[in-house]
Amino acid sequence: MEDHCQENRPHVFAINASPEFLNIVRELFQEEGYHVTTTNFAPNSFAQIEALQPDALIVDIAIGQEAGWDLLEQLDADADTAGIPVLVVSTDPKLLAHAEAHAARYGSHRFLEKPLDLEAMLEAIREMIGES
Amino acid sequence: MSAADDASDGINDAPLDQLRHDLKTPLTTIHGRAQLLDRAIRRSPSLPEDERARMLAAIVAIEAAVRAMVPLIDSMGDAGTDGTSDAE
């Protein structure tokens, strides 16, 4: 799902299995003037990201869920997407620690644990895009 | 080894981790929606002051309840601990 009137607003692309989390992300970043795209790990998520070249990504990783991990590997391995900053979120701090410790496989990213502070997420994205 | 298997390797109790995830997911919604409400209330200059204070106090209570739940969920299944964790 994308919002309209992209103009020159910074673009955040969020991928998460929870529709309600995506709704919250969309409302928050639209309030702050961002263009927002959300998807729930559709098979073409990587292709969408490669085509749209968002300014930042928010990717969820979860236990037993291949799609988030596979996406991180794909993004880091592709020259067209490796430079897109990623905020990795998860309810599981062990998974976040694992992703952070294996940056060679999953890329070097920012990490936030869910339930998360919306201001912390905003600030992380602003810093990653270079707005703050 | 798949990425998910790699991440799970060494993590001892996948069913418990899944339960923690399933409990924290609605908490994430509650916490996120409470924060969005807080932002909306603070942006509403026409709200009567007593109404604003009452609504913000309700949100503080909701967020405190979420923060109380998270360490309890994180410590589920931990034998011999005092039930606290570093999670917010």
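Residues are called buried under 20% relative accessible area, exposed over 50% and partly exposed in between, using a 1.4 Å probe and protein chains only. By this scale A:Asp70 is partly exposed, because its relative accessibility is 31%. A:Asp70 sits in helix α3 of chain A, which spans residues 66–77. Its C-alpha atom lies 13 Å from that of A:Val88, a residue 18 positions away in sequence.

The model is predicted: local features need pLDDT of at least 70, side-chain atom pairs count only at pLDDT 80 or more, and totals for chains, interfaces and linings use all residues. Residues are numbered from 1 along each chain as its sequence is written, chains are lettered from A and ligands numbered from 1 in the order in which they are written, and side-chain values use heavy atoms, with hydrogens and water left out.

Chain A contains six helices and five strands. Helices (H or I, at least four residues) and strands (E, at least two) are DSSP runs, numbered from the N terminus. Along the sequence, the elements of chain A follow the order β-α-β-α-β-α-β-α-α-β-α. Chain A has 132 residues, and 52% of them are buried. Along the principal axes, the C-alpha atoms of chain A fill a box of roughly 35 × 30 × 30 Å.

Contact means heavy atoms within 4.5 Å. Among the contacts in chain A with a separation of 6 or more, 70% join residues 24 or more positions apart. The accessible surface of chain A is about 5500 Å², and carbon and sulfur atoms hold 49% of this area. Such areas come from the Shrake-Rupley method with a 1.4 Å probe; for residues, only the protein chains shown count as cover. Chain A carries 7 positive and 24 negative side chains, with the centres of the two sets 4 Å apart. Lys and Arg count as positive, Asp and Glu as negative, while His and the chain ends are not counted. Each charge is placed at NZ of Lys, CZ of Arg, CG of Asp or CD of Glu.

A:Gly130 lies in the segment after α6 (118–129) of chain A. This glycine is exposed, because its relative accessibility is 56%. A:Gly130 and A:Ala77 are 53 residues apart in sequence, and their C-alpha atoms are 23 Å apart.

Chain B has three helices and zero strands. Its elements run α-α-α from the N terminus. Of its 88 residues, 36% are buried. Residues 24 or more positions apart make up 50% of the contacts in chain B with a separation of 6 or more. Chain B exposes about 5200 Å², of which carbon and sulfur atoms supply 59%.

B:Met76 follows α3 (49–74) of chain B. With a relative accessible area of 22%, B:Met76 is partly exposed. Beyond its neighbours within four places in sequence, B:Met76 contacts B:Leu16, B:Leu19, B:Arg20 and B:Leu23.

The two chains meet through 33 residues of chain A and 28 residues of chain B. The area buried between them is about 2500 Å², and carbon and sulfur atoms give 55% of it. In chain A, A:Ile63, A:Thr91 and A:Pro115 lose the most area to chain B, together 26% of what that side buries. Buried area is the accessible area (1.4 Å probe) that two parts lose on being put together, summed over both.
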